[in-house]
Amino acid sequence: MSPRSDHRVHPDSPPTAAGEAVPGQPGQAGDDRLAFWARQAERLDWGTEWTDVLDWSDAPFARWFVGGRLNVAYNCVDRHVEAGHGDQVAFHWEGEPGDTRTITYADLRREVCKTANALLSLGLRAGDRVAIQLPMIPEAVFAMLACARLGLPHSVVFGGFSPAALQSRIEDAEARLLITSDGQFRRGRAEPMKAHTDEATRNTPCVEHVLVVRRTGIDVPWTDGRDLWWHELVDAQPDQHTPEDFDAEHPLFILYTSGTTGRPKGILHTSGGYLTQAAYTHGTVFGLDPDADVYWCTADIGWITGHSYIVYGPLANRTTSVMYEGTPNTPHEGRHFEIIEKYGVTVYYTAPTLIRTFMKWGEDVPARYDLSSIGVLGSVGEPINPEAWRWYRQHIGGDRAPVVDTWWQTETGTIMIAPLPGGPAAKPGSAQTPLPGICAKVVDDQGRQVGKGESGYLVLDQPWPSMLRGVWGDDDRYRETYWSRFAAQGYYFAGDGARYDEDGDIWLLGRVDDVMNVSGHRISTAEVESALVSHPAVAEAAVVGASDATTGQAIVAFVILRGGTVRSAGDVSGALREHVAREIGPIAKPRQIMVVPELPKTRSGKIMRRLLRDVAENREVGDVTTLADASVMDLINAGLADGSPQAG
């Protein structure tokens, strides 16, 4: 976040002048990147070795480990059992109601084989697509790995997405099978899922069967001949299956992400390069020991973090993981910390949104639990503000565990920029440097690398193994979206703004469309949010740029106050405006600060700034169907109507 708040955990090195050139290219893996990636690929078992590490002749379409053949599921499961680790726990699973399952690698192989045999019995063959919409239950992992085992590209759809969102993804991928459940537990209640998927598949003739996991026991609608119970079909299958090797470039999965046009983009990832980098980054960034560590990534399997750092990366590395079905405050606000204590979690990887939620609940909650097992903390999903970084390290990490702040995207497939445990002193809020083997830099509008202390656009100037291989069915959209901005230089443009600090470390500033232009000054929404939450009265903040006749854009902030704040909201607003001015400068002082009870968030925890812009500009609020709780906008509007302060 804001380099103005920059300080290391250890003493600073001498500062350098702003604008000074950034030394060298961070992230170079010695003199030969391709030899480096070849060494990382040797982490895996290949049925046929590759002839060339990279073919970039058809850029921007890459081919990694050309001619190599492997089976992703074999690398994640079978080889560990064959090596004598069948009794090692793969997953400690915790259901929201309190039920548990312990799944060893031998158990995992049996379940994946049975699931694969079930899919074969339905007539599915390599290349067919399978849609998966499941809660955070072990069957989600079994289904993904069974698809990988058979060469069936899967399209996992987050369980909270609407029927319309699921339908569009099924149609685009032309999925032949949908795997779902009767329902899911959310905040202590059994919520329907099969009923929603039936609505999604009402007009999707490509779907031949719907395979249903019985999770909650609620009644479900049923279509004879199409719908099948998981326990009836899968449980009856043989628990052995011989995997087949597939080309390194065989499609592994399609994962849909938001598009600027409103039409989701099907991000395509393939097998050899993706698994190579998932295994490498997971092991390297978290410093994992498969014989000693217990790892927990709190993401949902419906997102790329769940794919790369719950399923493929950890299992390729023979990791023991925790998997949790429910929400972090069900049945109480200490649920995550209770699980950490129960299983002795050593590596905990979560999102800044959840960290800030923990802050709002209070430091006394984690203090009730023994969190001494934690050795490494991770952050993912958005830039983490320094205040949250410090709170996370102090109250979850005992002021000793390093925090690895990771930057990457659905499109990059795996982590690209992050500090490494045991590496140079960390800076709260900075992802710092590209990982070895990764080439990233910050450039100006003309594609020229900016100097120290300067801001610009984050680009990747060399291909990487886990890179997306295109947008499913739309090569032109792939070129236009990711490669047209700096086509002359051949750079992948990530869509994020960033800056170098005086040491040449990278600070992410959020999406470029979240950079405001106030009187000609480019100010990141993330930078202002960071300043706001550094004030002791603020639990969480979201900032948007609103049209202004004088300055072009003006800054409007929405804040949630911490419990125990006793001053009047009007006084707090004035104090916060002055606080931002001191932290960043008078140009960044918000025109308005609105105190709100909650912020509008998607089901994945991302703040919907588009809706806040509607409020800030007095427009009718747009579509709220993707919100986790659509009533939040009613609360905001009601609060403003009742006189929520708007400092001028």
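These legends accompany several close-up views of a predicted model.

The model is predicted, so local features are described only at pLDDT of at least 70 and side-chain atom pairs only at pLDDT 80 or more, while totals for chains, interfaces and linings use all residues. Residues are numbered from 1 along each chain as its sequence is written, and side-chain values use heavy atoms, with hydrogens and water left out.

**View 1. Helices α11 and α12 pack together at an angle of about 70°.**
Here we look at helix α11 (residues 352–361) and helix α12 (residues 386–396), whose axes are 10 Å apart. Helices (H or I, at least four residues) and strands (E, at least two) are DSSP runs, numbered from the N terminus. Axes are lines fitted to C-alpha atoms, for helices over the stretch in contact, and angles run from 0 to 180 degrees between N-to-C directions. α11 and α12 are therefore roughly perpendicular to each other; angles under 35 degrees count as roughly parallel, over 145 as roughly antiparallel, 65 to 115 as roughly perpendicular and the rest as oblique. From α11, Ile355, Arg356, Phe358 and Met359 meet Glu387, Ala388, Trp391 and Tyr392 of α12, where contact means heavy atoms within 4.5 Å. The residues of this contact comprise 6 nonpolar, no polar and 2 charged. In this scheme Ala, Val, Leu, Ile, Met, Phe, Trp, Tyr, Cys and Pro count as nonpolar, Asp, Glu, Lys and Arg as charged, and the others, Gly among them, as polar.

**View 2. Helices α2 and α4 cross at roughly 120°.**
The axes of α2 (residues 72–85) and α4 (residues 138–150) come within 7 Å. α2 and α4 are therefore oblique to each other. On the α2 side you will find Val72, Ala73, Cys76, Val77 and Asp78, which meet Leu145, Ala148 and Arg149 in α4. By class, the contact of α2 with α4 has 6 nonpolar, no polar and 2 charged residues.

In α5 (residues 163–173), the buried residues are Pro163, Ala165, Leu166, Arg169, Ile170 and Ala173. Buried means under 20% relative accessible area, exposed over 50%, partly exposed in between (1.4 Å probe, protein chains only). Just after α5, glutamate 174 takes a positive phi of about 55°.

**View 3. Helix α13 lines one face with its buried residues.**
Arg477, Tyr478 and Tyr482 are the buried residues of α13 (residues 475–482). Seen down the axis of α13, they fall within an arc of 105°. Turn to the other side of α13 and Asp476 and Glu480 are exposed. The cover over the buried residues includes β2 (61–66), β15 (265–270) and β23.

**View 4. Strands β21, β22, β23 and β24 form an open antiparallel sheet.**
The 4 strands follow the order β21-β22-β23-β24, and two strands pair if DSSP finds at least two bridges between them. β21 (440–443) and β24 (506–511) stand at the edges, each with a single partner strand, so one side of each is left without a neighbour in the sheet. Neighbouring strands are turned by 45° against each other on average, direction ignored. Between β22 (residues 455–460) and β23 (residues 492–500) there are 5 bridges, and leucine 460 has tyrosine 492 in β23 as its bridge partner. Another 4 bridges join β23 to β24, where alanine 498 stands opposite leucine 508 in β24. The hairpin of β23 and β24 has 5 residues between the strands, and glycine 504 there takes a positive phi near 90°. In β24, 5 of its 6 residues are buried.

**View 5. Glutamate 94 is buried, with a relative accessible area of 3%.**
Glutamate 94 lies in strand β4 (residues 89–94). Leaving aside neighbours within four places in sequence, its contacts are Asp99, Thr100, Met323, Tyr324, Glu325, Arg335, Ile339, Lys342 and Tyr343.

**View 6. Valine 404 is buried, with a relative accessible area of 1%.**
This valine belongs to strand β20 (residues 403–405). The C-alpha atoms of valine 404 and glycine 378 are separated by 4.7 Å, although these residues are 26 residues apart along the chain. Not counting residues up to four places away in sequence, valine 404 touches Val285, Phe286, Val376, Leu377, Gly378, Ser379, Pro419, Leu420 and Pro421.

Technical notes
Arc of directions from axis to C-beta.
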